[in-house]
Amino acid sequence: MSSKERPTLGGTRIKTRKRNIAEPLDPAAFADAVVQIYLDNAGDLELIAKSIESSDLNLSRYGDTFFEVVFTGGRTQPGTTKPDEGERHPYSIIDCEPKREIILPSVIYIQKILRRRPFLIKNLENVMRRFLQSLELFEENERKKLAIFTALAFSQKLSGLPPETVFQPLLKDNLVAKGLVLSFITDFFKEYLVDNSLDDLISILKRGKVEDNLLDFFPSAKRSAECFSEHFTKEGLVPLVEYNEKKTFEVKLKEMKSALTTLIAEEADITDVIETVKQRVKDAKLPDTEVVRVLWDVLMDAVQWSGKNQQQNANAALRQVKTWAKLLNTFCTNGKLELELMYKVQMQCYEDAKLMKLFPEIVRSLYDQDVLAEDTILHWFRKGANPKGRQTFVKALEPFVNWLEEAEEEE
């Protein structure tokens, strides 16, 4: 007998993997199960939240359907907000009264659900976006409830509802044209401002990327500053009207400054520049004081400053004043505006170290070019109200003021 070990068959047992058999979608059965929870708990949202938490409902698969049941009482037909077949419950957001104290518990209830199941945030976005894009399918009273819910959701900082989810879907041409969006957004503004400041509202509008184009919520025939003011004043939202007027003013002022900067850089004919400014002032109804400030800013921004060389800086500034004196003269039409220009020069020289010593030279140049009158300079010297660098500038201007007073006495 051989002592050698007999050979044996070797190998690896191969396990056969069972096929993953996908369970067919059945949103109707899921919706019925959620509805039954509402009915079993008689609409008590606290008990409903606990029942949903302890249930084996496949929320990850039917998240959209879940929020359809929350908002409308049951499943909605695909692509619409119309009720689909199946059981419904009467405790939905759409079925309740359009009052904040009635709708707020639903917001808090959804917040609880989202904290426990954060993956549902995307589903809430999906359903809200679909509903807002389909406002025409809701009754007026139902749209009001959606607006109140949305405002309360932002007030409560409801997870999963970023502003762009709300505002961008609203800007559908057909919804805007019918006035549905304006009605919705008005209800939203009024409700949100009950508990929040205008600054909070503006912050939301900025995040929603609609802060600069609120008129887009108005039908095209009413897309004007006058209609905006009239509508929201009538609705009791005067702070919003004042904010929009200020915003519009700032935009128009910025546009004028940009246009003027281009003309100055291109060394356009001074007559053309004056006419352009006049037209923009007329169209935008800009205050004279703001125009004077912008003119000086643009003229000085166009100067090529040479760093620490005081004489070159002085020459550049005085050359600019002389070149565009006619432009300044056109809009400094009275003592008040001349004084405003002096304050503007004072502030620029105070804030820019390289211009600190140029104040008296610039004032003298403006006087020589008939932009500043003697009375204006003397008033500033004796009673000027702006304290920024005043003592330094008064002392520097004293020799020129003495010369003016002596000349006045001789006359």
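S106 is buried, with a relative accessible area of 8%, where buried means under 20% relative accessible area, exposed over 50% and partly exposed in between, for a 1.4 Å probe and protein chains only. The model is predicted, so local features need pLDDT of at least 70 and side-chain atom pairs count only at pLDDT 80 or more, while totals for chains, interfaces and linings use all residues. Residues are numbered from 1 along each chain as its sequence is written, and side-chain values use heavy atoms, without hydrogens and water.

**Exercise 1.** State where S106 is placed and which residues beyond its sequence neighbours are in contact with S106.

*Solution.* Step 1: S106 belongs to helix α4; helices are DSSP runs (H or I, at least four residues), strands likewise (E, at least two), numbered from the N terminus. Step 2: contact means heavy atoms within 4.5 Å. Step 3: leaving aside neighbours within four places in sequence, S106 is in contact with L45 and I93.

**Exercise 2.** Determine how helix α3 is oriented to helix α4, and describe their contact.

*Solution.* Step 1: axes are lines fitted to C-alpha atoms, for helices over the stretch in contact, and angles run from 0 to 180 degrees between N-to-C directions. Step 2: α3 (residues 63–72) and α4 (residues 100–116) pack at about 165 degrees, their axes 12 Å apart. Step 3: α3 is therefore roughly antiparallel to α4; angles under 35 degrees count as roughly parallel, over 145 as roughly antiparallel, 65 to 115 as roughly perpendicular and the rest as oblique. Step 4: F66, F67 and V70 in α3 meet Y109, I110, I113 and L114 in α4. Step 5: by class, this contact has seven nonpolar, no polar and no charged residues, with Ala, Val, Leu, Ile, Met, Phe, Trp, Tyr, Cys and Pro as nonpolar, Asp, Glu, Lys and Arg as charged, and the others, Gly among them, as polar.

**Exercise 3.** Carry out the corresponding analysis for helices α6 and α9.

*Solution.* Step 1: the axes of α6 (residues 140–155) and α9 (residues 180–195) come within 8 Å and cross at roughly 40 degrees. Step 2: α6 and α9 are therefore oblique to each other. Step 3: the contact involves residues of α6 including R143, K144 and F154, and residues of α9 including D187, F188 and E191. Step 4: the class count for this contact of α6 with α9 is ten nonpolar, two polar and four charged residues.

**Exercise 4.** Classify the ring pair of F131 and F138, and state whether each residue is buried or exposed.

*Solution.* Step 1: rings of Phe, Tyr and Trp (its six-membered ring) pair if their centres lie within 6.5 Å; planes under 30 degrees apart count as stacked, over 60 as edge-to-face and the rest as tilted. Step 2: this rule gives 21 aromatic pairs. Step 3: the rings of F131 and F138 have centres 5.5 Å apart and planes at 80 degrees, so the pair is edge-to-face. Step 4: F131 is buried, at 0% relative accessibility, and F138 is buried too, at 6%.

**Exercise 5.** Locate M356 and describe its surroundings.

*Solution.* Step 1: M356 lies in the loop between α17 (335–351) and α18. Step 2: its relative accessible area is 27%, so M356 is partly exposed. Step 3: apart from neighbours within four places in sequence, M356 is in contact with C349, Y350, T392 and F393. Step 4: in helix α18 (residues 359–368), the buried residues are F359, P360, I362, V363, S365 and L366.
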